[in-house]
Structures are given as structure tokens and as C-alpha cells.
Protein chains: 2
Amino acid sequence: MTDDARPIDLIGYEALYLDAMRGMIRKVLQSAASPQGLPGQHHFYVTFATKAPGVTGPPDVLARFPDEMTIVLQHQFWDLALGESEFSVTLTFSGQPKRFTVPYSAITVFQDPAIRFELRLTPNLTPTDGASKQADVAEGGGSTVVALDAFRKPR
Amino acid sequence: MTDDARPIDLIGYEALYLDAMRGMIRKVLQSAASPQGLPGQHHFYVTFATKAPGVTGPPDVLARFPDEMTIVLQHQFWDLALGESEFSVTLTFSGQPKRFTVPYSAITVFQDPAIRFELRLTPNLTPTDGASKQADVAEGGGSTVVALDAFRKPR
């Protein structure tokens with residue numbers, strides 16, 4: 001193999017990683033859906049691509065955020081329902097309850113400010129875009145290292 | 001909240017992240033367990049803590065690696081079986097077939113040299129150790145950011 005040869009990812013590591021992280025977000029959101037509500041100071045900022053497939057919500061609100069919008073799950077949210085591939089929640093806008101449905105695959109950033117946790121993902125906007133993103137993995141120039149150091153305090 | 005106040009993780013982000021990554025490894029290993037075998041140039045180096053709960057193998061081999069050992073799943077492996085929480089595989093040592101069973105929770109490093117992919121994890125050595133590791137998350141001094149950049153080629 002020459003230095004010019006690009007390794008080809010036939011396994012689909014990025015897709016598997018994204019699936020794993022989306023599954024993790026679903027489990028974290030279960031903390032907010034439980035009868036006891038969010039533990040301690042935990043709360044979530046969920047940013048999602050408003051044009052991603054499967055996103056639904058009040059058209060006037062979505063129209064104001066043509067790319068992304070961030071919803072806050074802290075005190076003012078109701079009826080959080082966690083499906084296999086999407087969640088739904090009711091929030092208030094201008095005093096009116098509005099229902100949103102967001103596929104986990106539409107989430108771009110998930111944050112829990114209580115412990116300064118942040119997870120950035122790439123949404124599946126279209127199948128074509130997904131294929132393009134997948135190719136990026138194969139074309140990685142250096143080593144791909146995923147470490148848990150981000151969760152660790154400085155020594 | 002003062003600057004001295006440490007955020008407390010009541011959700012267990014690190015444990016959820018480790019679970020997600022172990023699930024991902026299981027799915028990657030399925031590529032090696034399929035009848036077609038490993039695709040392309042893919043092969044796996046799996047490093048695990050030999051004293052982690054649930055690890056079994058030939059005592060003479062394990063005794064030579066009191067901390068960690070690395071097994072290679074490339075050409076010379078047989079009967080790879082993927083369970084919910086552990087995998088088993090037969091390898092040869094000095095020409096003799098030897099059976100190993102490794103819980104996913106014992107894996108410390110997973111590598112696919114074909115695309116220079118590396119995933120480092122923390123094994124569950126004992127319940128006490130696990131609790132200690134969990135505390136590390138809560139005591140993180142800075143922001144915790146998990147990004148997908150590692151999968152991306154330089155722009």
C-alpha cells in the first residue's frame with residue numbers, strides 16, 4: 001500500500017458510532033421522562049436540524065429556525081415520549097403548548113449544562129448526504145482515535 | 001454555586017457511554033463472525049484486561065499476561081461467537097487451539113489497523129473500581145465534549 005492509498009471503511013464505523021450515540025441520548029432522555037423527573041440540577045439542551053426527515057412541530061416556529069433550533073428540557077416541558085427512533089415533547093411558545101417530534105438522527109448537539117456535558121453529532125439530512133458523510137470516514141488521513149479522556153478530570 | 005462546587009453526575013454519562021461503545025464493538029465484531037468473513041483489509045486487535053470478571057482462557061496463556069493481552073482477529077481465528085455481554089473465539093498458541101471468552105466490559109482497546117481506527121475504553125475490573133471511575137465524570141473540571149471530529153478527514 002502506498003502513502004496515497006486511502007483506507008476504505010467497509011464496516012461503516014461512523015454510522016455505528018452515530019447509532020451508538022443516539023442510543024445513548026435516548027437513555028439519557030429517559031431521566032427526563034421518568035415520573036421523578038430530572039435528577040439534581042440536570043437539564044438538557046437539544047439542538048436539531050429542523051429540516052431533517054421526520055421532524056414535526058408547529059410550522060410557524062419551525063419556519064423561524066430554517067437550519068437548527070434548540071429546545072430546553074428543564075422545567076417547562078410535558079408529555080415527553082421516547083420512541084425507538086424519535087422523541088416527542090410538548091413545550092410552550094408564547095404561552096401556547098406546541099408539540100414537537102424529533103428523530104434522534106436529527107439531533108446535532110446534546111448538552112447537559114449541569115455537568116458541562118456536550119455531544120456533537122451529524123444529522124442524517126438526506127440519504128445522499130449520509131453516504132457522503134460515510135465516505136469521509138474512509139478518507140481519514142490520520143489515525144482515528146476515540147478516547148474516553150473527555151469524561152475524565154485533569155490529573 | 002461557587003467555583004469550588006463540583007457538578008454531580010446523577011445520570012451516569014460515563015457508564016452510558018461505555019455501554020454504547022461496547023455495543024458498537026459487538027456490532028463491529030459481527031463483521032468477523034459472518035460467513036463471508038472480514039470485509040476488505042479489515043482486521044481487529046482486541047486488547048482486554050486478563051483479570052477482569054468473566055474472562056476465561058487457557059491458564060498458562062493468561063498467566064503470561066497478568067494485566068492485558070491483545071488478540072488478533074484476522075486470518076487465524078475460529079468459531080467467533082458473539083453473546084450479549086461477551087464474545088468467545090478460538091485462537092492458536094504454539095499450534096494448539098485455545099478458546100477465550102472475553103466480556104465486552106473487559107476490553108480496553110479496540111483497533112482496526114485497516115482504517116487506523118482506535119477505541120480506548122476503561123474495563124470494569126471490580127464494582128468498586130467502576131464506582132471510582134464514575135466519580136471521575138462528576139468531578140470533571142472543564143467542559144466535557146464528545147465530538148465526531150475523529151472520524152473526519154482534515155478539511
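**Entry 1**

In which strand of chain A does Ala81(A) lie? I looked it up in the model, which is a predicted one, and found Ala81(A) in strand S3 of chain A.

Next I asked myself: is Ala81(A) buried, exposed or partly exposed? Its relative accessible area comes to 37%. Buried would need a value under 20% and exposed one over 50%, so Ala81(A) counts as partly exposed.

I then listed what Ala81(A) touches, leaving out neighbours within four places in sequence. The contacts are Glu86(A), Phe87(A), Ser88(A) and Arg99(A). Ser88(A) turned up again when I checked the pairing, as the bridge partner of Ala81(A) in S4(A). I also checked Leu29(A): 52 residues separate it from Ala81(A) in sequence, while the C-alpha to C-alpha distance is 9.4 Å.

**Entry 2**

Strand S3 of chain A belongs to an open sheet of three strands, ordered S3-S4-S5, with antiparallel pairing. I noted that S3 (78-82) and S5 (96-103) are the edge strands of chain A here; each has a single partner strand, so one side of each has no neighbour in the sheet. On average, neighbouring strands of this sheet are turned by 20° against each other, direction ignored.

A reminder to myself: strands of a sheet pair through backbone hydrogen bonds, either parallel or antiparallel.

How many bridges join S3(A) and strand S4 of chain A? I found three, in the antiparallel sense, with S4 covering residues 86-93.

What lies across S3 and S4 of chain A? That is helix H1 of chain A, residues 13-33, which runs at about 150° to S3(A).

**Entry 3: chain A as a whole**

I noted three helices and eight strands in chain A. Read from the N terminus, the order is α-β-α-β-β-β-β-β-β-α-β.

Chain A has 155 residues, and 45% of them are buried. For contacts with a separation of 6 or more in chain A, 53% join residues 24 or more positions apart.

**Entry 4: over to chain B**

Here I went looking for backbone angles. Which phi does Asp79(B) have? It is positive, about 55°, although Asp79(B) is not a glycine. I placed Asp79(B) in strand S3 of chain B, residues 78-82, and it is exposed, with a relative accessible area of 58%.

Ser94(B) also went on my list, with a positive phi of about 55° although it is not a glycine. Ser94(B) sits in the loop between strand S4 (86-93) and strand S5 (96-103) of chain B. Its relative accessible area is 78%, so I marked Ser94(B) as exposed.

**Entry 5: Thr90 in chain B**

Is Thr90(B) buried or exposed? Its relative accessible area is 13%, and since buried means under 20%, Thr90(B) is buried. I found this residue in strand S4 of chain B.

With which side chain does the side chain of Thr90(B) make a polar contact? The partner is the side chain of Arg99(B), at 2.8 Å.

Not counting residues up to four places away in sequence, Thr90(B) touches Gln76(B), Phe77(B), Trp78(B), Asp79(B), Pro97(B), Lys98(B) and Arg99(B).

Technical notes: Residues numbered from 1 in each chain as written. Chains lettered and ligands numbered in written order. Predicted model: local features only at pLDDT ≥ 70, side-chain atom pairs only at ≥ 80, totals over all residues. Heavy atoms only, no water. Helix = DSSP H or I, 4+ residues; strand = E, 2+ residues; numbered from the N terminus. Buried < 20%, exposed > 50% of the residue type's maximum accessible area, 1.4 Å probe, protein only. Contact = heavy atoms within 4.5 Å. Pairing = 2+ DSSP bridges. Axes fitted to C-alpha atoms, helices over the stretch in contact; angles between N-to-C directions. Polar contact = N/O pair within 3.5 Å; in protein donor to acceptor, adjacent residues only side chain to side chain.
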